[in-house]
Each structure stands twice: as structure tokens, then as C-alpha cells.
Amino acid sequence: MKERDVHNLIERQDEEGKKALYTRICDGLGLETKVKPAPRSKRALLWRVLVPALSFCIICFAIILPIALQNRVDPNPNRYCLSKDCVEVVLDTNVKEYADRNGKSMLYIDWYDVAEDVTTMSYVNKDNSNDVIYLDEVMTNGDTGDVVRLSIFDKHTYLDTFDILTKMDYEEAVYKSITIKWVKEFQSHVGTITFGDYRYYVQISQPSEAVDIVEILKGMVDTVIR
């Protein structure tokens, strides 16, 4: 009797005894029992395909997301700071020396040769001393006695105590392709320039007739554009 005849015999028996009968007959005839492997379910096959694909997507996402976030352009890069969050640090250099030492292109008031006194300060974030909010330099002109204050911010940083200076009704002119702005009041003169990466404010209290805020602003431009 061949194995095919055995299968035909089993097919005519009850379903529950088929497997046991098949085994007994094969054992009695000395035939090798062959068990057909169960077909893999479609779900198992689908899972084997999806797992590598999902793993690849996760790896790509992990690589691309940090790059995308790093290159994202903030539509509003400006920041607003409060004076109470600033800590004053007295520098051992003036603005010109500070710019040279740090490789920065900064305007400055070129009174150093005639200044009687120069005090330069850095105002930093109280929570991060490497975060400079602004620089402040006060100097006295030894020839005229005028005291001038120069404040320097990066062009995206604003401070609450300087709000009044940002809202003043300035006159303006263009000098060497740079816009200079100023206000001349009885008790004080105020000027401002935005150039390169920085915004500058110049304040002179009770100016003498020998000093002119417009000429000071032009002189600042001359320090970088000859």
C-alpha cells in the first residue's frame, strides 16, 4: 500500500480520529510521517515586512529632525529683557579694545585720546554670565567737559529701561550709506545708529556748545568706514 492510499483511507474516517489513524497506519506500514508546515498567516508576513520599514523610518526621523530644528528660522528673533535680570560687570577694556579682543566690528566714540575718565561695563544675564545683554561706556571729554554715554545692544535685543529711546521722534540723515538718527532737546541730546549686528544709543546730558550729537554719530561711522 502506498502513502496516497493511506491518505484516501483517512479521508473517509471521522475528522477527530484522522490524525491519530494516519499516524498508526504509517507506523504499521513503516512509512515516514510527513507533516505539512502550517501556512504563515498574512498578518505575520505583513509584520515581517513592516518592522524593517518602520525601523528605517525611525532612524531617518532621528537624523533629519535635529537638522530641521537647527536650521529652522525663527520668524521673530527679537528678545525683550528686563533690567532686573541684568548683572553689571566692570570691564578692564574700553569698547574699541573689547571689539578688537573679541573679533567684533563695533562702532565707538573716538574720544579716548582726550578722555579724562572712561568706564566700560558689560551687563550680562544674571542666570548666564556668557549672555551679554548690552555694553555701556561713559566717558568725559577732557577738552569740553561733556559726559557722553554709549550703549550697545545686538540688533535683536531690547531692554525695558531703553524703551523711551526706541520711541523718540528722531531726525535722521544718511552718512556714508548709514542712517544716523538724533534728537536735540534742551537738557540732553540723544542719537542712535543701527549698523551691522548692533544698535547704538548715544546720550549727552546738558551738552555744551562745543559738542554736537550729529558730529559724534558721524565720527562713530568713521571708525569703521574711512
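**View 1. The start of helix 4, where N94 meets K96.** A side-chain oxygen of N94 comes to within 3.1 Å of the backbone nitrogen of K96 at the start of helix 4. Helix 4 spans residues 95-102; here helices (H or I, at least four residues) and strands (E, at least two) are DSSP runs, numbered from the N terminus. Please keep in mind that this is a predicted model, in which local features need pLDDT of at least 70, side-chain atom pairs count only at pLDDT 80 or more, and totals for chains, interfaces and linings use all residues. Residues are numbered from 1 along each chain as its sequence is written, and side-chain values use heavy atoms, with hydrogens and water left out. Just after helix 4, G103 has a positive phi of about 65°.

**View 2. The largest nonpolar core, and a second one.** A nonpolar core is a set of buried Ala, Val, Leu, Ile, Met, Phe, Trp, Tyr and Cys residues joined through side-chain atoms within 4.5 Å. The largest one has 29 residues, and those with the most contacts inside it are M106, I109, I193, Y200, V202, L217 and M220. Helix 4, strand 4 (128-141), strand 5 (147-154), strand 8 (178-184), strand 10 (198-205) and helix 6 (213-222) each give two or more residues to this core. Helix 6 supplies the largest share, 6 residues. A second, separate core of 15 residues includes I133, Y134, L165 and M168.

**View 3. The surroundings of M220.** Which residues does M220 touch, leaving aside its neighbours within four places in sequence? M220 is in contact (heavy atoms within 4.5 Å) with L107, Y108, I109, L150, I193, Y200 and V202.

**View 4. M139 in strand 4.** M139 belongs to strand 4 and counts as buried because its relative accessibility is 2%. Once neighbours within four places in sequence are set aside, M139 is in contact with I109, W111, Y112, A115, D117, V118, D146, V147 and V148.

**View 5. Two loop residues with positive phi.** Most residues other than glycine have a negative phi. S177, in the loop between strand 7 (171-175) and strand 8, has a positive phi near 70°. S177 counts as exposed because its relative accessibility is 74%. Q206, in the loop between strand 10 and helix 6, also has a positive phi, near 45°. With a relative accessible area of 61%, Q206 is exposed.

**View 6. The whole protein chain, for orientation.** The protein chain has 6 helices and 10 strands, and buried residues make up 31% of its 226 residues. Of the contacts between residues at least 6 apart in sequence, 56% join residues at least 24 apart.

Conventions:
Buried means under 20% relative accessible area, exposed over 50%, partly exposed in between (1.4 Å probe, protein chains only). A polar contact is a pair of N or O atoms within 3.5 Å; within protein, one must be able to donate a hydrogen and the other to accept it, and residues adjacent in sequence count only if both atoms are side-chain atoms.
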